[in-house]
Amino acid sequence: MSRKELLTWLYKRFTAIFRIIFIFCISLVTATCGFSPLYNDKDSMKIFKKIDIGKEETPLSFLIQEALLEKAPFKKSGENLLDIKPSIKNSYGIITTENEITRYSVTLYVEYSLYNKETKEISIKNNVSATSDYSAAVTRTGFATEIAKRDTYERLADTVAEKMITEILINNQIKYSP
């Protein structure tokens, strides 16, 4: 095969491959359903400027409040109040032959309600939960175990806050959609 024939053959192959890729990309772009996450719509996040988070003075509720404030623009002087009541359930994951617990499973339950401060009309009343684990091996110090426990609580608070925000957004979209 001469050099010219080889270049012609390569050119035809690359052009064919390029056409296939181009057609695939165009069909992919035109076939999307138009879905966009609720978080991407900045107008939908405005609802949180009308919501105040109720202050409960427990370490767990503080973690949830912080996670909520990180994810949405809540206001202290909102006309609505988000009341949260967290509870936690610890269960033993792994127990060794020496009867030592080396893994804990933690489930965070949050009962929450969103209501108007003046009229006390409830917009949303729901429960969310999340589960996570942490290790407490015999070889680890008590400090390391406490840090692992604290990290688990923070992860759970973050997960529960995401679920609550998503449900508030969905409820708001359903309530005000045409």
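## Charged pairs and a strand-to-strand loop

At 57% relative accessibility, Lys125 is an exposed residue. In this predicted model, the side chain of Lys125 forms a salt bridge with that of Glu111, with N and O 3.8 Å apart. This pair links distant parts of the chain, since Glu111 sits in strand S3 and Lys125 in strand S4, 14 residues apart. Glu111 itself is partly exposed, with a relative accessible area of 37%.

Let's look at the other charged pairs. The whole structure holds 6 salt bridges, and the table shows some of them.

| Pair | N to O distance |
|---|---|
| Glu111 and Lys125 | 3.8 Å |
| Lys117 and Asp52 | 3.2 Å |
| Asp83 and Lys85 | 2.6 Å |

Lys117 and Asp52 meet through their side chains. Lys117 belongs to the loop between S3 and S4 while Asp52 belongs to strand S1 (residues 51-53), so this bridge ties together parts 65 residues apart in sequence. Asp52 is buried at 12% relative accessibility, whereas Lys117 is partly exposed at 30%.

In the Asp83 and Lys85 pair, both partners are partly exposed: Asp83 has a relative accessible area of 22% and Lys85 one of 43%. Salt bridges also join Lys71, Asp158 and Glu162 into a network.

Back in the loop between strand S3 (101-116) and strand S4 (122-135), you will find Lys120. Its phi is near 65°, a positive value in a residue other than glycine. Lys120 is exposed, with a relative accessible area of 54%.

Strand S3 also contains Ser105, which is buried at 16% relative accessible area. A polar contact of 3.0 Å connects the side chain of Ser105 with that of Asp133.

How values were computed:
Residues are numbered from 1 along each chain as its sequence is written. This is a predicted model: local features need pLDDT of at least 70, side-chain atom pairs count only at pLDDT 80 or more; totals for chains, interfaces and linings use all residues. Side-chain values use heavy atoms; hydrogens and water are left out. Helices (H or I, at least four residues) and strands (E, at least two) are DSSP runs, numbered from the N terminus. Buried means under 20% relative accessible area, exposed over 50%, partly exposed in between (1.4 Å probe, protein chains only). A polar contact is a pair of N or O atoms within 3.5 Å; within protein, one must be able to donate a hydrogen and the other to accept it, and residues adjacent in sequence count only if both atoms are side-chain atoms. A salt bridge is a side-chain nitrogen of Lys or Arg within 4 Å of a carboxyl oxygen of Asp or Glu.
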